[in-house]
Amino acid sequence: QVQLVESGGGLVQPGGSLRLSCVASGIIFSISPVGWYRQAPGKQRELVAEITLGGTSNYVDSVQGRFTISRDNAKNTVYLQMNRLTPEDTAVYYCNVREIKWAQGGHNDYWGQGTQVTVSS
């Protein structure tokens, strides 16, 4: 059974920083693409950052240069370092791990429980 456990959210002032963590179990983490998504009230869930199967990191334009996604395969953990936070970053953040079905094709997506990030003075 795949489980993703997130931590690190909270309340921070504008300009501050937070680091989110997501620990995965029950999956071969090292060969799985990973990502962070967020969903603000009244908005659709959007991809914030990802590390692709080839190891490339991609970011949505609004966080480019402020957020950094990284992974530690030895710890089955993906991180999202968020700097220079603004109120527009307020949302529930979800980690995603994609299990590639190498033999039969396709994939399964797994999600963390979500962690609230609130940026407010």
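Two residues are in contact when heavy atoms of theirs lie within 4.5 Å. The model is predicted, so local features need pLDDT of at least 70 and side-chain atom pairs count only at pLDDT 80 or more, while totals for chains, interfaces and linings use all residues. Residues are numbered from 1 along each chain as its sequence is written, and side-chain values use heavy atoms, with hydrogens and water left out.

The protein chain contains zero helices and 11 strands. Here helices (H or I, at least four residues) and strands (E, at least two) are DSSP runs, numbered from the N terminus. Read from the N terminus, the order of elements is β-β-β-β-β-β-β-β-β-β-β.

The C-alpha trace spans about 50 × 30 × 25 Å along its principal axes. For 121 residues, a compact globule would have a radius of gyration near 14 Å, and the 14 Å of the protein chain agrees with that. The radius is taken over C-alpha atoms, and the globule rule is 2.2 Å times the number of residues to the power 0.38. Of contacts between residues at least 6 apart in sequence, 56% join residues at least 24 apart.

Buried residues make up 37% of the 121 in the protein chain. Buried means under 20% relative accessible area, exposed over 50%, and partly exposed in between (1.4 Å probe, protein chains only). The accessible surface comes to about 6500 Å², and 48% of that belongs to carbon and sulfur atoms. These areas come from the Shrake-Rupley method with a 1.4 Å probe; for residues, only the protein chains shown count as cover.

N96 counts as buried because its relative accessible area is 5%. Leaving aside neighbours within four places in sequence, N96 is in contact with L4, P33, V34, G35, Y37, D109, Y110 and W111. With D109, the side chain of N96 makes a side-chain to side-chain polar contact of 3.4 Å. A polar contact is a pair of N or O atoms within 3.5 Å; within protein, one must be able to donate a hydrogen and the other to accept it, and residues adjacent in sequence count only if both atoms are side-chain atoms. A polar atom of the N96 side chain also lies 3.4 Å from the backbone oxygen of Y110.

S121 belongs to the segment after β11 (115-119). S121 counts as exposed because its relative accessible area is 86%.
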